[in-house]
Amino acid sequence: VGRSHHQAYAYLLTPEYISKDAEKRLDAIAAADELGAGFSLAMQDLEIRGAGEILGEGQSGEMVQVGFTLYTEMLKQAVRDLKKGRQPDLDAPLGVTTEIKLHSPALLPEGYCPDIHERLVLYKRLATCENEGQINSIHEELVDRFGLPEQPVTTLLESHRLRLAAKALGITAIDASSDSLTLTFGKHTSVEPADIILLMQSNKNYRMAGADKLRVSAVMEDVEARVRTVRAVLKQLSPKAA
């Protein structure tokens with residue numbers, strides 16, 4: 001028992017052989033050594049045992065299979081689809097996931113943001129942004145905390161802005177190199193085939209590169225030119241532009 005300047009101690013005795021879940025719980029308890037760690041400990045326990053069913057009476061569900069954060073994102077997407085009168089796509093429970101390749105470094109350099117934990121937090125925040133306003137807020141925060149962004153940081157931010165614009169059209173991948181741009185359409189894309197045909201008829205630089213890919217020939221020597229070209233093509237493919 002602790003008294004005055006004497007440190008208190010507690011000893012936890014366990015059997016020689018314990019389950020893997022029990023080992024995880026012990027590791028979580030050992031790591032919870034700071035004020036306010038109780039919430040973190042509860043969340044780790046939630047990850048280990050799985051939360052109760054949200055739409056049922058069970059006290060443990062299947063959340064443990066995918067993790068708490070991913071599960072809530074999947075649930076949010078399903079609710080969003082139902083509100084729009086659509087049947088949730090069980091093959092793509094997170095909706096359209098768009099991959100952006102600009103063939104240029106897109107990251108938070110260690111010299112710009114030294115703390116690795118902070119970089120991971122910022123990456124996660126950017127990946128979960130749902131509109132450009134949220135990305136702009138993070139952009140302002142980066143400038144305020146770390147100064148004017150370097151080129152890799154700017155490219156990272158632009159990649160996420162393009163990701164949102166492409167996702168709205170049901171585009172699953174964008175690959176922009178120095179001489180061409182390739183867009184891959186998802187099965188539920190909102191881009192009308194007739195609009196793509198009109199673009200190809202009016203501009204010889206547009207052509208199909210497979211059943212679900214549109215290839216655009218263009219000179220884009222730097223990443224700024226690639227971003228501008230992608231934005232211009234996405235605007236042309238947008239239903240509003242049509």
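**Entry 1: the sheet**

How many residues does the hairpin that joins β2 to β3 run through? I looked and found three residues in that hairpin. I am working on a predicted model, where local features need pLDDT of at least 70, side-chain atom pairs count only at pLDDT 80 or more, and totals for chains, interfaces and linings use all residues. Residues are numbered from 1 along each chain as its sequence is written, and side-chain values use heavy atoms, with hydrogens and water left out.

My helices (H or I, at least four residues) and strands (E, at least two) are DSSP runs, numbered from the N terminus. Two strands pair if DSSP finds at least two bridges between them. By that rule I paired β2 with β3, antiparallel, over five bridges. I also found β3 and β5 running antiparallel, joined by five bridges. I then picked out L181 in β3. A176 stands opposite L181, and V216 in β5 stands opposite L181 too.

**Entry 2: cover on β3**

I use "buried" for under 20% relative accessible area, "exposed" for over 50%, and "partly exposed" for in between (1.4 Å probe, protein chains only). In β3, six of its six residues are buried. S180, T182 and T184 point one way from the strand. L181, L183 and F185 point the other way.

**Entry 3: the cores**

A nonpolar core is a set of buried Ala, Val, Leu, Ile, Met, Phe, Trp, Tyr and Cys residues joined through side-chain atoms within 4.5 Å. Which members of the largest core touch the most other members? I listed I171, I174, L181, L183 and L237, out of 25 residues. At least two residues each come from α6 (151-168), β2 (171-176), β3 (180-185), α7 (193-202), β5 (213-217) and α8 (223-237). The most come from α8, with seven residues.

Is T155 buried or exposed? I found T155 in helix α6. T155 counts as buried because its relative accessible area is 2%. For contacts I took heavy atoms within 4.5 Å. Leaving out residues up to four places away in sequence, T155 touches L102, S104, P105, A106 and V223.

I then turned to L13, in the segment before α1 (20-31). L13 has a relative accessible area of 79%, so L13 is exposed.
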